[in-house]
Amino acid sequence: HLYRHYGCLIQLGGADQLGNIMSGYDLVSKVTDKDVYGITVPLITTTTGDKLGKSAGNAVWLNRNRTSPFELYQFFVRQPDATVERYLKLFTFLSGMEIDHIMQVHAKEPEKRGPQKRLAAEVIKLVHGKNGLESAKRCTKAFYYNNVDVLESMSDEELQELFREAPYIEMLLEPGTTVLDLCRKANAIADGPKGYRDITVGAVSINHITETNPDAVLILGQHILSNGLSLLKIGKRNYYIIKWLQLSHEE
């Protein structure tokens, strides 16, 4: 099909696709009596020899709708020392001399994970540009360092990418809205005494700050950030992104 409709003469694939490529070569050669070609490239594997890809369940994507800049950044930051030098050579345009220098510094200061951070930064810049790298770093600070200032600078899109499983809820701010009101409107806590008690025992946080007073009135700049968002967390892993509508910062 590709040969007949698009004049395709070369098929490129991973080394594990050699059989399929050879089958295509044989078919086109016999049917058309024309020369076509196949090229295979070595598979990218983990330290255990497992390939990276869809079938292995550990694929990362260039499309940010499938893998956000933050997720891609973290994928490379988490690479072990055994693979990072090879990945620097495969996935970046850094010179061999610069990579050697990075690894020499790493040997003296392995705890700083310099090669992993440089690898992640270079890949993100190639795939998502400088803005994507800045976004990945903002998300990293907001997620791992509970940085409220960074949280306040994030866009709706970044928050939704960072907390992919979190419900995104639009809500009107009414005068006197309390912590309890917010949690119940978001369907984040149980009705009745149990939900009230969850707040009093410290199971609820807003923008990384634990709230233990269910009757506390929400305050602009504390519970509601200047970007019109609130990050509600129930327990250890249940996040809710609240987008406040028609918000007046003069209230």
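**Close-up views of a predicted model**

View 1. L9, I10, L12, Y37, I39 and V41 form a nonpolar surface patch of about 580 Å². Patch residues have over 30% relative accessible area and no salt bridge, and nonpolar side chains (Val, Leu, Ile, Met, Phe, Trp, Tyr) are joined within 5 Å. Strand 1 (10–14) and strand 2 (37–41) each give two or more residues to the patch; strand 2 gives the most, with 3 residues. L12, in strand 1, is exposed, with a relative accessible area of 62% (exposed means over 50%, buried under 20%, with a 1.4 Å probe and protein chains only). Helices (H or I, at least four residues) and strands (E, at least two) are DSSP runs, numbered from the N terminus.

The model is predicted: local features need pLDDT of at least 70, side-chain atom pairs count only at pLDDT 80 or more, and totals for chains, interfaces and linings use all residues. Residues are numbered from 1 along each chain as its sequence is written, and side-chain values use heavy atoms, leaving out hydrogens and water.

**View 2. Helix 3 and its cover.** In helix 3 (residues 69–77), 8 of the 9 residues are buried: P69, F70, L72, Y73, Q74, F75, F76 and V77. These buried residues pack against helix 4 (81–91), helix 6 (114–144) and helix 8 (156–162).

View 3. G195, D198 and I199 are buried in helix 10 (residues 193–200). Seen down the helix axis, the buried residues fall within an arc of 95°, so they line one face of helix 10; the arc is taken from the directions from the axis to the C-beta atoms. Their cover includes helix 9 (179–185), strand 4 (204–206) and strand 5 (209–211).

Notes. Patch = residues over 30% accessible without salt bridge, like charges linked within 9 Å, V, L, I, M, F, W, Y side chains within 5 Å. Areas by Shrake-Rupley, 256 points an atom, 1.4 Å probe, with all protein chains shown as cover. Salt bridge = Lys/Arg side-chain N within 4 Å of Asp/Glu carboxyl O. Contact = heavy atoms within 4.5 Å.
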